[in-house]
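Me: I have a new structure open and would like to go through it. Can you take my questions one at a time?

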Amino acid sequence: MTRKAAALISGGLDSLLAAKVILQQGIHVEGINFFTGFCVEGHTHAIRKQDQHKQKRNNALWVAEQLGIKLHIIDIVDEYKEVVINPRHGYGANLNPCLDCKIFMVQKAHEWIRKNGFDFLVTGEVIGQRPMSQRKFTMPIVAGESGAEDLLLRPLCAKNLAETRPELAGWVNREALYDFHGRSRKPQMALAKQFGYEDYAQPAGGCCFLTDTNYSVKLQDLWTHRGTKKYDLDDIMLLKVGRHIRPEPTFKLIISREEGETRFLSGYKNQFQTIKTISHGGPLAVVEGVALNADQIQLACAIIARFSKGKNAHQVELNYSTAGGTPTTIRVRPMPAHAIPQHWYLV
Ligand code: SF4
């Protein structure tokens with residue numbers, strides 16, 4: 001009887017290798033990739049011009065294609081909020097709740113295998129690889145609190161851990177698993193070479209924006225000024241783009257830095273107040289917060305004009321619109337760079 005395993009696929013090298021090791025043992029493997037809204041992958045990669053020479057791809061899909069397995073992409077945006085807002089095990093260096101995140105994803109994957117008649121779960125975790133979520137003492141916490149228990153197999157470091165049910169039952173051969181540990185990537189790179197993989201993703205820091213300091217500063221600012229830790233998908237998408245400036249506690253400007261961001265932000269015209277330079281080439285800004293009064297509109301326009309081609313002009317014209325409303329033309333003198341206090345900039 002062919003045994004069936006579900007492998008958590010982040011798109012990085014470790015999950016690719018873990019799934020490959022199990023596939024090689026004649027197990028039927030299918031991948032699961034969770035969409036949290038904070039993922040670095042996906043459309044936000046395609047917005048900006050930077051790294052344009054690099055091929056844009058969804059690494060989880062790419063990994064599944066390399067492995068020749070089916071990939072299930074599961075949207076967990078709403079359920080995941082509780083993990084980000086109230087992590088039982090706390091945050092890492094930024095607002096990344098890595099241990100709770102791992103537990104939650106394994107728990108969801110465990111529910112999935114039970115529902116779909118699969119035998120066990122596979123992750124690419126390696127002891128000591130990450131300071132918060134992948135340490136010797138966190139491995140049993142993830143297995144226990146997720147409810148997956150001994151159905152969770154980590155092929156890359158299994159020999160450093162107690163035997164799991166797939167090993168004890170002889171579904172997989174423990175001898176053909178690995179004993180990787182520590183932060184070095186060399187063993188994984190050597191194994192990738194052995195399998196003939198060269199073009200794999202090299203994630204810097206983590207698999208999501210929550211490990212990014214600038215992103216975390218913006219998320220914390222959003223929570224602080226709303227007086228609650230709530231967010232929706234648009235909020236966390238908007239934190240990924242533009243220059244964020246908060247001139248007053250009640251509103252923030254998200255100013256596009258390039259054409260791709262202008263196009264992206266213009267998709268929010270019906271939900272937010274927007275301001276666009278018209279007399280000179282320049283950015284589009286989304287206003288997040290209260291409906292602006294006349295003085296605040298003048299202030300916002302003067303700041304935005306500063307980032308237009310008319311920054312040294314005597315006067316710049318901009319269109320201010322309420323959400324989905326008709327534009328009103330505003331004329332301002334651009335604010336000089338030195339007049340914008342540094343603490344207004346969130347990034
Ligand atoms: S980096 Fe993000 S996706 Fe990865 S474990 Fe941490 S919180 Fe979860």
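Reply: Helix 1 and helix 8 are oblique to each other, because they pack at an angle of about 55°. Their axes are 10 Å apart. This is a predicted model.

Me: Is the crossing of helix 1 and helix 8 left-handed or right-handed?

Reply: Helix 1 passes helix 8 in a left-handed crossing.

Me: Which residues meet there?

Reply: From helix 1 there are Leu13, Asp14, Leu17, Lys20 and Val21. They meet Gln188, Met189, Leu191, Ala192 and Phe195 of helix 8. Sorted by class, that contact has 7 nonpolar, 1 polar and 2 charged residues.

Me: Where do the side chains of a strand point, in general?

Reply: In a regular strand they alternate between the two faces of the sheet.

Me: Different topic. Which residues surround the ligand?

Reply: The ligand is surrounded by Tyr80, Pro97, Cys98, Cys101, Cys207, Cys208 and Thr211. By class, this shell has 6 nonpolar residues, 1 polar residue and no charged residues.

Me: Tyr80 and Cys101 are on that list. Which helices are they in?

Reply: Tyr80 is in helix 4 and Cys101 is in helix 5. Both belong to the contact where Glu79, Tyr80 and Val83 of helix 4 meet Asp100, Cys101, Phe104, Met105 and Lys108 of helix 5. The classes in that contact are 5 nonpolar, no polar and 3 charged.

Me: At what angle do helix 4 and helix 5 cross?

Reply: They cross at roughly 150°, and their axes come within 9 Å. That angle makes helix 4 roughly antiparallel to helix 5. The crossing is right-handed.

Me: What about helix 5 and helix 6, what is the angle there?

Reply: Helix 5 (residues 98–116) and helix 6 (residues 138–146) pack at about 45°, with their axes 8 Å apart. The two helices are therefore oblique to each other. Their crossing is right-handed.

Me: And which residues make the contact?

Reply: Helix 5 contributes Leu99, Lys102, Ile103, Val106, Gln107 and His110. Helix 6 contributes Thr138, Ile141, Val142, Glu145 and Ser146. By class, the contact has 5 nonpolar, 4 polar and 2 charged residues.

Me: Last one. How do strand 10 and strand 11 run, parallel or antiparallel?

Reply: Strand 10 (residues 316–321) and strand 11 (residues 328–332) run antiparallel, joined by 5 bridges. Val316 stands opposite Val332 in strand 11.

Me: What sits between those two strands in the hairpin?

Reply: There are 6 residues between the strands. In this hairpin, Gly324 takes a positive phi near 70°.

Methods. Residues numbered from 1 in each chain as written. Predicted model: local features only at pLDDT ≥ 70, side-chain atom pairs only at ≥ 80, totals over all residues. Heavy atoms only, no water. Near = heavy atom within 4 Å. Nonpolar A, V, L, I, M, F, W, Y, C, P; charged D, E, K, R; others polar. Axes fitted to C-alpha atoms, helices over the stretch in contact; angles between N-to-C directions. Helix = DSSP H or I, 4+ residues; strand = E, 2+ residues; numbered from the N terminus. Parallel < 35°, antiparallel > 145°, perpendicular 65-115°, else oblique. Left-handed = near helix turned anticlockwise from the far one by under 90°. Contact = heavy atoms within 4.5 Å. Pairing = 2+ DSSP bridges.
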